[in-house]
Amino acid sequence: MKPAFKMGWQMLVYHIIAMVLSLMFVSMLGSALWLQIILSLALLAAYCFMLYSDGCSRGERAATLSVQTDRQREVGRAVDPDLAQDCFKPSTAWKGYLIGICLTALIAICNIVAEPFFPPFQPMSDEELSELNASMQTAQQQLAMQPELEAGPEGELVVPDETPAPAVVADEAGAADVRINPFNIVARIVFTPFLFLYTPLQHHAVLLNWLFLVLALAVPLLAPIGYLQGPRLRQKKLIMIEQGKKRKMRNLKVNKKPRGPKGPKMEV
C-alpha cells in the first residue's frame, strides 16, 4: 500500500500545481478567450505529461527491482520486505489511481448530488423584461400621486403604508429563490486546469457537472497506464544499453591505430 499511496499523493500534487497555475495565469487574462484557450491547453498538456512520465518512471523502477529480488531468491538470499513491497505489481497502479482521484471525484459527485437543490438562475426574456418595466413605471406613477402625509382619526399626521408594487415583490421573490451552490463554486475552482473545456458549457449546469466527473476519472488514468508500461520500458532501456555497447566496440575497432613494424632487436 505504501508505493500506491505515494503514487496517488503525487497525482494529487500534480493536480494542485496545475490548478494553482491555471488560477494565477488563465484567470487573469480576463475576456481574452483565445489566450485563455491557448494557455489552458499548454498547462493541460504539461499536466498530462507529468502524470504519464511519473507513472512510467515508477513502473520502470518497480520492474527493475522485481528482477533484482527474483535473482536474490534464486541464489537463496533473503529479500527485504520493504523492497518486496516496492516491486512491480499491476494492483499498485490501480490502488494509486483510486487514491489520487478520491478528492476530485468526491467533489464532482457532491456537485452532481447538490445540483437539484440549487436551481440555476433563469434570466428573464425580453417580453418579461418589458412587462416588468411597464409595471414599475405604473407603480412609480401611483406612488407619485399619493400624498406624503395623511391625517389620522384624531387629526395627527400619519405616514401611509408603502406597499411595494407587485412587479417589485415578484422580482425580490425570484431573487430570493436563487441560491448559490457552494459545491459548484468549489468544483469550478478545482477543475480550473480544464477551463477551455467547460467554458462553452457554463450555461448548461447538468452537462457541466457530469463533465467534471468525467474529467476527474479520465485524465488521471494516464498515471496507471504509464506505470503498467514499466516492464516494456525496462526491456527497451536494456536494448538501448546493449546497442550502445556494440556501437562503442565498433567505433573502437574502426578507430584503432595499426601497429607499425617492430624494429630489429638490439644485440647484447
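Reader: How many salt bridges does a search of the whole structure find, and how is a salt bridge defined?

Author: A salt bridge is a side-chain nitrogen of Lys or Arg within 4 Å of a carboxyl oxygen of Asp or Glu, and the search of the whole structure finds three of them. This is a predicted model, in which local features need pLDDT of at least 70 and side-chain atom pairs count only at pLDDT 80 or more, while totals for chains, interfaces and linings use all residues. Residues are numbered from 1 along each chain as its sequence is written, and side-chain values use heavy atoms, with hydrogens and water left out.

Reader: Which residue forms a salt bridge with aspartate 54, and where do both residues lie?

Author: The partner of aspartate 54 is arginine 58, with the closest N and O atoms 2.8 Å apart. Helices (H or I, at least four residues) and strands (E, at least two) are DSSP runs, numbered from the N terminus; aspartate 54 and arginine 58 both lie in helix α2, residues 33-74, four residues apart, which is about one turn of the helix.

Reader: Is aspartate 54 buried or exposed?

Author: Buried means under 20% relative accessible area, exposed over 50% and partly exposed in between, computed with a 1.4 Å probe on protein chains only. Aspartate 54 is buried because its relative accessible area is 11%, and arginine 58 counts as buried too, at 18%. Taking contact to mean heavy atoms within 4.5 Å, arginine 58 touches Lys6, Met7, Gln10 and Tyr227, when residues up to four places away in sequence are not counted.

Reader: Which salt bridge does glutamate 60 form, and which parts of the chain does the pair link?

Author: Glutamate 60 pairs with lysine 237, the closest N and O atoms being 3.5 Å apart. The pair links distant parts of the chain, since glutamate 60 is in helix α2 and lysine 237 is in helix α11, residues 230-254, a separation of 177 residues. Lysine 237 has a relative accessibility of 45% and so counts as partly exposed.

Reader: What separates arginine 73 from aspartate 70 in helix α2?

Author: Because arginine 73 and aspartate 70 are three residues apart in helix α2, about one helical turn separates them. Their salt bridge has its closest N and O atoms 3.3 Å apart; arginine 73 counts as partly exposed at 45% relative accessibility, as does aspartate 70 at 39%.

Reader: Where does α4 bend, and by how much?

Author: The bend at a residue is the angle between axes fitted to the seven residues ending there and the seven starting there; α4 bends by about 50° at cysteine 102. The 25 residues of α4, residues 90-114, should span 36 Å, and the end C-alpha atoms are 35 Å apart, which agrees.

Reader: How do α4 and α9 pack?

Author: Two packed helices are described by the angle between their axes and the distance between the axes. Axes are lines fitted to C-alpha atoms, for helices over the stretch in contact, and angles run from 0 to 180 degrees between N-to-C directions. The axes of α4 and α9, residues 205-218, come within 8 Å and cross at roughly 175°. That makes the two helices roughly antiparallel, on a scale where angles under 35 degrees count as roughly parallel, over 145 as roughly antiparallel, 65 to 115 as roughly perpendicular and the rest as oblique. Among the residues that meet are Tyr97, Ile101 and Asn111 in α4 and Trp210, Phe212 and Leu213 in α9.

Reader: What does asparagine 111 touch?

Author: Not counting residues up to four places away in sequence, asparagine 111 touches Asn181, Phe183, Asn184, Ala187, Asn209 and Phe212. Its relative accessible area is 0%, so asparagine 111 is buried.

Reader: Which elements make up the chain, and what share of its residues counts as buried?

Author: The chain has 11 helices and two strands, running α-α-α-α-α-β-β-α-α-α-α-α-α from the N terminus on. Of its 268 residues, 29% count as buried, and residues 24 or more positions apart account for 76% of the contacts with a separation of 6 or more.

Definitions and conventions
Expected span 1.5 Å × (residues − 1).
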